[in-house]
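Grab your viewer and work through these exercises one at a time. Each has a task and then a solution in steps.

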Amino acid sequence: MEAGERQRLRQEAAEYYRGLRVPERMEDALNALFPLHPQDLYGELANYFSKFSKAPVICKLVGRKVIDGVGEPTLEVELYCTVKNYEKRICSSVMATHSQIPENALPETIEADERERNDSVYTAVEWVSDSLNTMLRDLDPTDQCQADKMLGEYFANKVEEKKELERQEKELREEEESSKVTTSPASGRSAATPKQKKGRKTGKKVSEESPISPAEPAEPVLCGSLAIGGTSLAIAKAGATISRVPLYLHTALLKHKETPKEITLPLPMVTVLYCEKNSPTKLKLVKEVMLIPPVELSLQQGIEIVQEIQKEMTRKMESPGKTPSSLKRISHLGCLITGYDSLEQLLLQMQAACNNLGLELGTDLYLAINCAAQELMDYDKGKYEILTGTFKSPDEMVAVYVEMIKNFPFIIALIDPLRKEDREQWSSICRALGSKCFLIAEDAATQISKLKSDQNINIAMCSGVVLKYINQTTVSDLIELTGILDGQRHISILGSPDRESSDESLVDLAVGLGARFLKLGGLSRGERVAKYNRLLAIEEELAANGALR
């Protein structure tokens with residue numbers, strides 16, 4: 001290389017570095033570090049200059065099919081960022097899913113659900129690794145609002161695409177059917193007359209019997225929707241990692257626009273008993289029995305007490321004289337599976353277990369019951385089957401719960417005591433019991449999409465709603481929904497779906513969003529215990545920092 005060329009390159013290099021203030025900053029760094037005599041000088045220089053580097057941006061998303069806590073397929077989203085010119089894996093999220101298939105579903109229904117689930121995971125993997133990967137490239141992962149806006153628009157487009165496809169398929173079917181129909185006016189008139197008369201008779205009979213409202217259709221789940229929730233959660237986790245704060249603080253900052261000085265932890269609703277509704281025992285009114293520790297105890301102390309009660313219940317279930325069917329089994333919720341012939345039998349056994357440990361229900365801890373009333377309705381009779389062969393109308397159910405709380409005042413929460421369609425009875429039960437216990441809607445809550453658009457929970461006076469992070473729900477959705485519930489003076493409960501994953505993020509979200517309760521299932525099964533351990537770790541961290549309210 002000629003001398004003139006070398007001189008030109010030196011001048012260009014000098015101008016380039018001066019333009020970026022490299023000589024000035026190098027001098028500042030050396031002057032600042034010399035008095036400190038750091039043991040790792042180059043490490044400190046790297047730390048010093050890192051604050052001048054470009055902010056990380058998303059460079060790659062990878063979707064992957066993985067196995068959840070009950071051995072079913074679900075979606076994992078891996079997120080990579082460009083950090084200091086290098087591609088770096090920042091985090092991953094694994095989605096939990098919610099099954100809408102009842103316990104007593106037919107085998108063909110279960111098989112169809114499994115096929116749909118596999119198809120949905122496969123489609124979600126494609127969305128993440130292809131279109132979402134391209135769409136979100138170069139986005140700042142700390143900009144959760146923008147990311148979720150883009151994800152929402154993408155999902156809305158997919159919904160419209162499906163509607164258009166269904167419309168075209170419907171038109172095609174109608175054309176095929178119309179081409180097969182032969183015109184016969186006489187036969188058409190003769191068929192119409194009796195049908196019309198029959199319709200009038202049926203209508204009169206229905207009016208006299210005052211039937212219950214039919215079940216509202218389940219919220220449709222778009223194939224691939226897991227990709228939206230999984231990607232939103234991965235971006236939130238990446239934003240927290242890059243901001244060097246825990247996810248719960250990052251979530252609180254997203255909701256309140258500032259980091260709270262103190263944080264109140266949600267109280268855990270720990271499931272200790274799972275009552276199978278198709279078991280040979282008679283009681284059907286109770287699906288889950290949950291223990292809630294009092295606010296006076298630390299979460300560590302409260303969970304230790306629950307563990308002792310669960311051990312005592314296990315000892316009682318394994319006592320001599322019990323049949324093999326009532327021996328210890330663990331449900332997918334991570335708790336004991338059992339059955340009882342009456343509500344009194346169940347609650348008295350719970351009281352006895354507590355008394356054996358020197359504890360008193362209503363003082364040392366409290367009960368919550370998930371009734372799952374939507375699973376009790378016999379639509380032929382128009383009544384709830386609360387015991388085998390014992391049926392109650394929606395109005396009679398209100399009286400059942402009033403009597404229950406009167407006799408067992410240590411029950412402070414009822415989840416899904418009625419179907420969401422029984423709106424008049426929801427109002428009645430809230431007037432009767434609203435000051436005595438929490439009346440919570442889980443499956444009885446309005447669909448999340450309607451919660452966002454209507455900004456009301458479609459249930460007149462319930463105490464609060466269980467929110468689940470599933471399908472196309474985004475972190476911004478949860479922030480918005482908890483804000484709506486806060487404004488309406490309803491409580492927020494974040495709950496684990498039936499099919500939980502090993503991802504612990506739900507706990508951080510609940511803490512950051514200020515949920516009153518956290519419904520995670522029982523103290524068995526790794527995917528659920530991991531969340532309880534995360535909750536205890538957050539409690540310890542906040543206490544050490546003086547930020548635990």
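Let's start with the overall picture. In the protein chain, 71% of the contacts with a separation of 6 or more are between residues 24 or more positions apart, where contact means heavy atoms within 4.5 Å. This is a predicted model, in which local features need pLDDT of at least 70 and side-chain atom pairs count only at pLDDT 80 or more, while totals for chains, interfaces and linings use all residues. Residues are numbered from 1 along each chain as its sequence is written, and side-chain values use heavy atoms, with hydrogens and water left out.

**Exercise 1. Count the helices and strands, and find what share of the residues is buried.**

Step 1: The protein chain has 16 helices and 15 strands. Both are DSSP runs numbered from the N terminus: H or I with at least four residues for helices, E with at least two for strands.

Step 2: Of the 549 residues in the protein chain, 46% count as buried. The scale is relative accessible area: buried is under 20%, exposed is over 50%, and partly exposed is in between (1.4 Å probe, protein chains only).

**Exercise 2. Work out how α9 and α16 pack.**

Step 1: Two packed helices are described by the angle between their axes and the distance between the axes. The axes are lines fitted to C-alpha atoms, for helices over the stretch in contact, and angles run from 0 to 180 degrees between N-to-C directions.

Step 2: Helix α9 (residues 299–317) and helix α16 (residues 526–544) meet at about 150°, and their axes are 9 Å apart.

Step 3: On the α9 side, Leu299, Gln300 and Ile303 make the contact, and α16 brings Tyr532, Leu535, Leu536 and Glu539.

**Exercise 3. Find how many residues of α15 are buried, and what they pack against.**

Step 1: α15 is mostly covered, with 9 of its 9 residues buried. Among them are Leu506, Val507, Asp508 and Leu509.

Step 2: These buried residues pack against α7 (226–243), α8 (247–256), α14 (475–487), β14, β15 (517–521) and α16.

Step 3: Now look at the loop between β14 (491–495) and α15 (505–513), where Asp503 sits. Asp503 counts as buried because its relative accessibility is 9%. Its side chain makes a polar contact of 3.2 Å with that of Lys237. (Polar contact: a pair of N or O atoms within 3.5 Å; within protein, one must be able to donate a hydrogen and the other to accept it, and residues adjacent in sequence count only if both atoms are side-chain atoms.) Leaving aside neighbours within four places in sequence, Asp503 also touches residues including Ser92, Leu233 and Lys531.

**Exercise 4. Describe the rings around Tyr48.**

Step 1: The structure holds 7 aromatic pairs. One of them is Tyr48 with Phe49, edge-to-face at 5.6 Å centre to centre and 80° between the planes. Rings of Phe, Tyr and Trp (its six-membered ring) pair if their centres lie within 6.5 Å; planes under 30 degrees apart are stacked, over 60 edge-to-face, the rest tilted.

Step 2: Ring pairs link Tyr48 and Phe49 with Phe52 into a cluster. Tyr48 is buried at 18% relative accessible area, whereas Phe49 is partly exposed at 26%.

Step 3: Lys51 lies over the face of Tyr48, 4.4 Å from the ring centre. For a charge to sit over a ring, NZ of Lys or CZ of Arg must be within 6 Å of the ring centre and within 35 degrees of the ring normal. Lys60 does this too, with its charged end over the ring of Tyr80, 4.5 Å from its centre.

**Exercise 5. Are His37 and Lys257 exposed or buried?**

Step 1: His37 belongs to the loop between α2 (22–33) and α3 (41–50), and Lys257 to the one between α8 and β4 (267–275).

Step 2: His37 is exposed because its relative accessible area is 57%. Lys257 counts as exposed too, at 68%.

Step 3: Check phi as well: His37 is near 45°, a positive value in a residue other than glycine, and Lys257 is near 70°, also positive.
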